[in-house]
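Welcome! Have a look at the structure below, and then we will walk through a few of its features together.

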Amino acid sequence: MLIESSPVQLSKLDLAIIAMGGHAKFLRWWNAIDDAEAKLRMAYDWKWRARPKQLPPLGDWATWSCRCGRGWGKTLTGAEWVRWRVEREGARRIALVAPTAADVRDVMVEGPSGILAISSPWNRPEYEPSKRRLTWPNGAIATTFSADEPRALRGPQHDSAWCDEAAHWKYLEDAWDNLQMGLRMGDPKCLVTSSPRPLKFLRDLEAEQDTVTTIGSTFENKTLPAKFLSRLLRNYEGTRLGRQELHAEILTDNPNALWKQETIDRYRVRGLPEDLLRVLISVDPAITSNPKKSDETGIIGVATAWCKCHDGTPEIHAFVFDDRSGVYKPEKWGEKTVQAYDEALADLVAAEVNQGGELVERNLRATRGGKNIPFKAIHASRGKQMRHEPVSNLYEQGKVHHVGRLSRLEDQCCQWDPTQGGTSPDRADALTIGITELMLGESTEVGTVEATVIG
Ligand SMILES: Nc1ncnc2c1ncn2[C@@H]1O[C@H](COP(=O)(O)OP(=O)(O)OP(=O)(O)O)[C@@H](O)[C@H]1O
Ligand SMILES: [Mg+2]
């Protein structure tokens with residue numbers, strides 16, 4: 001069941017505000033009253049501060065899934081819900097579960113939106129980190145758990161559970177099952193606050209009869225700094241990452257696409273290894289000086305290094321570390337390519353010349369700094385899908401790692417459907433040029449450099 005807002009019982013005070021004609025008039029009244037205690041109580045009343053979607057839904061639900069974007073206010077909503085359960089609904093045994101022990105302590109309990117920060121001075125729980133326990137003056141107890149250790153959730157019984165960032169739990173199914181087995185005291189309720197990932201678990205959970213789901217976008221939280229919001233819009237709006245992280249969509253891959261987001265995510269690394277064998281900038285140039293929006297020049301950085309595969313055998317892996325693609329005029333893509341080459345201390349620029357012929361190299365040579373760059377012209381003879389397939393196989397084998405997130409490239413790879421005909425997208429084309437050259441081409445390096453373990 002999906003709800004957009006949660007109707008709550010209005011208190012007499014809420015009704016008074018409405019009767020007074022809105023917030024501005026209420027504020028004037030508020031400033032005029034000198035009952036400090038009444039003021040303080042209202043300041044700590046979540047009903048007054050929450051956006052409607054942050055209030056617990058009415059009704060007989062078992063799980064409330066708050067699937068919302070980054071910075072929406074998930075943690076604050078969770079912490080306030082725990083207070084709500086203790087102060088208004090008689091909860092006595094609460095489980096607090098986060099991806100790791102550090103998260104549960106630093107975010108759920110001690111964080112700026114955590115339980116200690118939002119508790120009122122007259123009903124503040126005592127926190128005993130060594131016992132992983134919060135105790136309220138009325139005897140209610142919350143125990144902290146790390147989803148990294150699902151076994152710890154086997155045994156204890158609870159009447160409430162708050163699961164933060166559940167989509168990012170390492171042992172999600174185990175931790176969830178153990179938690180649910182023990183959620184059997186009183187009228188048990190569970191709140192899941194998380195930004196989504198493309199997980200069947202989440203879809204199944206939200207499809208359950210007794211789950212209510214609130215979906216919220218980052219941009220609903222007007223307390224976030226305007227600069228931060230406009231940077232997010234600039235960088236992520238319209239990307240799959242933005243749809244997931246900001247608008248909280250559970251993404252689905254195109255089943256016909258050659259690449260799968262899950263595979264890219266699984267082998268992603270944070271940084272490049274130190275000892276690189278080769279570093280290449282691959283280019284798929286748009287051959288027109290009057291580019292349309294659809295004509296991007298793909299400019300991708302790929303490197304290779306020795307890695308240990310799962311059984312310890314050294315093998316060469318590829319690392320995709322840069323994406324400077326965009327809609328450029330020739331002189332601009334030349335400039336971007338030379339910059340990428342210089343910054344990466346690359347040893348080659350490889351570019352597809354099927355359409356541009358000699359013009360491609362000439363353009364690079366005419367660019368400042370491009371005169372002496374080692375250049376390889378790639379004449380692609382096979383069809384696009386034929387060229388992409390061996391590359392996507394290397395991804396499946398865990399031999400290609402993306403260094404950090406390369407959202408727009410990954411979107412193109414995971415959305416392009418070769419069965420629909422049409423040309424493959426330019427970033428993916430440049431990627432395939434680079435990986436083919438380094439991993440599948442004749443010049444694939446089989447050197448004697450020491451093995452490097454992926455960091
Ligand atoms: N209703 C509200 N009133 C005032 N401030 C709010 C409200 N909701 C959220 N905030 C503020 O917005 C900021 C982000 O909130 P919070 O940390 O709970 O978001 P989050 O969704 O958990 O973020 P993240 O995705 O980083 O985990 C905090 O400073 C919090 O106090
Ligand atoms: Mg949070």
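Here is a short briefing, grouped by topic.

This is a predicted model, in which local features need pLDDT of at least 70, side-chain atom pairs count only at pLDDT 80 or more, and totals for chains, interfaces and linings use all residues. Residues are numbered from 1 along each chain as its sequence is written, while chains are lettered from A and ligands numbered from 1 in the order in which they are written. Helices (H or I, at least four residues) and strands (E, at least two) are DSSP runs, numbered from the N terminus.

**Around ligand 1**

- Ligand 1 is surrounded by 15 residues, and the closest are G73, K74, T75, L76 and S113; to be near it, a residue needs its C-beta atom, placed from the backbone, within 6 Å.
- Helix 5 (residues 74–88) gives the most to this shell, with 3 residues.
- By type, the shell holds 3 nonpolar, 8 polar and 4 charged residues. Here Ala, Val, Leu, Ile, Met, Phe, Trp, Tyr, Cys and Pro count as nonpolar, Asp, Glu, Lys and Arg as charged, and the others, Gly among them, as polar.

**Helix 8 and its buried face**

- In helix 8 (residues 172–182), the buried residues are A175, W176, N178 and L179. Buried means that 20 or more other C-beta atoms lie within 10 Å of a residue's own, with C-beta atoms placed from the backbone; exposed means 12 or fewer, and partly exposed is in between.
- Seen down the axis of helix 8, these buried residues fall within an arc of 165°, so they line one face of the helix. The arc is that of the directions from the helix axis to the C-beta atoms.
- Strand 2 (93–98) and strand 6 (160–164) are among what covers the buried residues of helix 8.

**Strand 12 and its partners**

- Of the 5 residues in strand 12 (residues 348–352), 4 are buried.
- Strand 9 (residues 278–284) runs parallel to strand 12, joined to it by 4 bridges; strands pair if DSSP finds at least two bridges between them. Here V283 stands opposite A351.
- Strand 13 (residues 375–378) is also parallel to strand 12, with 4 bridges joining them, and E352 stands opposite I378.

**A look at D103**

- Where is D103 placed? D103 is in helix 6 (residues 101–109).
- D103 is buried, with 22 other C-beta atoms within 10 Å.
- Leaving aside residues up to four places away in sequence, D103 touches A98 and D164; contact means C-beta atoms, placed from the backbone, within 7 Å.

Notes. Two residues are in contact if their C-beta atoms, placed from the backbone, lie within 7 Å.
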